[in-house]
Amino acid sequence: MTSIDNILYTGKTRVTGGRDGAARSPDGRLDVPLAHFNSRAPGTNPEQLLAAGWGACYLGALQGAFREASLAFPADAAIDVEVDLGVNPGNDYRLQARFLVELPGVDAGLAGQLTERAHATCPYSKALHANLQVVTRVA
């Protein structure tokens, strides 16, 4: 594995208490309580945070794919990301994900090509695609 030659940004957080704790960044921009997914306590969970981060990165990569193709990006484009946490026999915890991409006014074939290109350039997709099942659909 190669290292990064030019680091653009380093996200930093301090997590305490695990799934029932908190996540805070040193700059104060992130300060969220964490709660187990089946808890009624206030807070989010790692799967929601992954879905939000991956979705934001992917949508940015999709905008880049449109720019690369000299196409206007739909102002009302959106993506729904679902990240499942599950367990296989032997307590083998695994993740899987689903992307529902909305690109109003874009031909379905072209939208499919651009969504594939976005996965090929999004750093989250590159890191995760080979390690978990990801299904992407265009609405």
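The following dialogue examines how terms are applied to residues and contacts in this predicted model.

Visitor: Why is S125 called buried?

Guide: The relative accessibility of S125 is 0%. The term buried applies under 20%, so S125 at 0% counts as buried. S125 lies in helix 3, residues 123–128. Leaving aside neighbours within four places in sequence, S125 is in contact with W54, Y58 and H119.

Visitor: What makes R14 exposed?

Guide: R14 has a relative accessible area of 63%. Exposed means over 50%, and R14 at 63% is therefore exposed. R14 is placed in strand 1, residues 14–16. Not counting residues up to four places away in sequence, R14 touches A22, A23 and R24. R14 and P26 are twelve residues apart in sequence, and their C-alpha atoms are 7.7 Å apart.

Visitor: Why is V15 called partly exposed?

Guide: V15 has a relative accessible area of 48%. Beyond its neighbours within four places in sequence, V15 is in contact with A22, A23 and L34. The C-alpha atoms of V15 and S39 are separated by 18 Å, and the two residues are 24 apart along the chain.

Visitor: How do you know that R19 forms a salt bridge with E47?

Guide: The closest N and O atoms of R19 and E47 are 2.6 Å apart. The criterion asks for a side-chain nitrogen of Lys or Arg within 4 Å of a carboxyl oxygen of Asp or Glu, so R19 and E47 at 2.6 Å qualify as a salt bridge. Side chains of opposite charge can pair when their charged atoms come close.

Visitor: What is found across the interface of domain 1 and domain 2?

Guide: The chain is divided into domain 1 (1–44) and domain 2 (46–138). The contact takes four residues from domain 1 and five residues from domain 2. The rule finds one salt bridge across this interface. Domain 1 and domain 2 bury about 460 Å² between them, 60% of it on carbon and sulfur atoms. R19, F37 and T44 supply 79% of the area that domain 1 buries against domain 2, more than any other three residues.

Visitor: What makes R117 and E68 a salt bridge that links distant parts of the chain?

Guide: The closest N and O atoms of R117 and E68 are 2.9 Å apart. With a cut-off of 4 Å, the pair therefore counts as a salt bridge. R117 is in helix 2 (residues 108–121) and E68 is in helix 1 (residues 46–68), 49 residues apart. R117 is partly exposed at 37%, whereas E68 is exposed at 55%.

Visitor: Why do the side chains of R98 and E82 count as a salt bridge?

Guide: Their N to O distance is 2.7 Å. The limit is 4 Å, so R98 and E82 meet the criterion. R98 belongs to strand 5 (residues 92–102) and E82 to strand 4 (residues 78–88), 16 residues apart. R98 is partly exposed at 29%, and E82 is partly exposed at 41%. E82, D84 and R98 are linked in a network of salt bridges.

Visitor: How many salt bridges does a search of the whole structure find?

Guide: The search finds five salt bridges. Among them is the pair of D31 and R24, whose side chains meet at 3.1 Å, N to O.

How values were computed:
Residues are numbered from 1 along each chain as its sequence is written. This is a predicted model: local features need pLDDT of at least 70, side-chain atom pairs count only at pLDDT 80 or more; totals for chains, interfaces and linings use all residues. Side-chain values use heavy atoms; hydrogens and water are left out. Domain bounds come from an automatic or database domain assignment. Contact means heavy atoms within 4.5 Å. Buried area is the accessible area (1.4 Å probe) that two parts lose on being put together, summed over both. Helices (H or I, at least four residues) and strands (E, at least two) are DSSP runs, numbered from the N terminus. Buried means under 20% relative accessible area, exposed over 50%, partly exposed in between (1.4 Å probe, protein chains only).
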